[in-house]
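Thanks, everyone. Have a look at the model first.

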Amino acid sequence: MRSEPRKTDGEAELYSAALRALTRRAHSTFELRIHLERRALEPAMVRRVMTRLKQEKLIDDARYALDFARVRASGRRQGGRRIAQELRKRGVPDQHINAAIAQVFADLDEGAIVRKAIERRTRTARGPLDARKMASLYRTLLRAGFDPGVIRRELRAAPVPDAVEDLPG
C-alpha cells in the first residue's frame, strides 16, 4: 500500500510535482487535479497551478482524449465503447470523448479490426470453432468495446457458418 504523499505548502513545489507527473505520462485535467489535491495543503494552490498549466497548454482534455483514443484503437485494438468508458473513468468530458472517437474511427475501419481479431482467433483455435467458442469470441470482442452489430456482421461473414446461427441478436 502506498504511503500518503508529503504535503507541500509552496506553489512552486506543487507546480514541479505536476510537471513530474506529466513527464511520466499524460494526464486528464481531472486526474492531475486529484494528484495535486493529495499533495497540497490548501485547495486554492491547486486551482492556481491548474490554471497555469492550462495557460501554458500543458494539459488539454481534447488533445488527451484524441491521443488516448488513437493509441487504444490502433495499438491495443479496442473499440469505441471501451475507449469511451476508459476516458470517462479518467474524468474527460463527454464532448471531448465523442469528438475523439469520431475522429479516430473515421480513419480506422472498425469492421477490419474485428475481422483481424476473428482471423487471429480462428488460426490459433484448437479444433473446430463450435458454438461455444464463437460465443466466447463474441464476448471477448464485446469486452474490447466493439459495436455488437459489427461483431455479428463480421462473425456471420467469417468462414465458419455452422456456429454463427446461435449468436445473440
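Just after α4, Arg77 takes a positive phi of about 55°. Arg77 is not a glycine. Most residues other than glycine have a negative phi, and most peptide bonds are trans. Arg77 sits in the loop between α4 and α5. At 42% relative accessibility, Arg77 counts as partly exposed. The cut-offs: buried is under 20% relative accessible area, exposed is over 50%, and partly exposed is in between, with a 1.4 Å probe and protein chains only.

Ground rules, quickly. This is a predicted model, where local features need pLDDT of at least 70 and side-chain atom pairs count only at pLDDT 80 or more, while totals for chains, interfaces and linings use all residues. Residues are numbered from 1 along each chain as its sequence is written, and side-chain values use heavy atoms, with hydrogens and water left out.

There is another positive phi. Lys57, also no glycine, has a phi of about 60°. Lys57 lies in the loop between α3 (43-55) and α4. Lys57 counts as exposed because its relative accessibility is 62%.

Now the helix. Helices are DSSP runs (H or I, at least four residues), and strands likewise (E, at least two), numbered from the N terminus. What length should α4 have? At 1.5 Å a residue, its 15 residues should span 21 Å, and the end C-alpha atoms are 20 Å apart, which agrees. That expected span is 1.5 Å times one less than the number of residues.

At the start of α4, a side-chain oxygen of Asp60 comes to within 3.3 Å of the backbone nitrogen of Ala62. I call that a polar contact: a pair of N or O atoms within 3.5 Å; within protein, one must be able to donate a hydrogen and the other to accept it, and residues adjacent in sequence count only if both atoms are side-chain atoms.

Which residues of α4 are buried? Asp61, Tyr64, Ala65, Leu66, Phe68, Ala69, Arg72 and Ala73. Their cover includes α2 (29-37), α5 (80-89), α6 (94-107) and α7 (110-124).

Take Ala69, in α4 (residues 61-75). Ala69 counts as buried because its relative accessibility is 0%. Not counting residues up to four places away in sequence, Ala69 touches Ile83, Ala100 and Val104. Contact here means heavy atoms within 4.5 Å. Ala69 and Gly80 are 11 residues apart in sequence, and their C-alpha atoms are 8.0 Å apart in space.

That's the tour. Questions, please.
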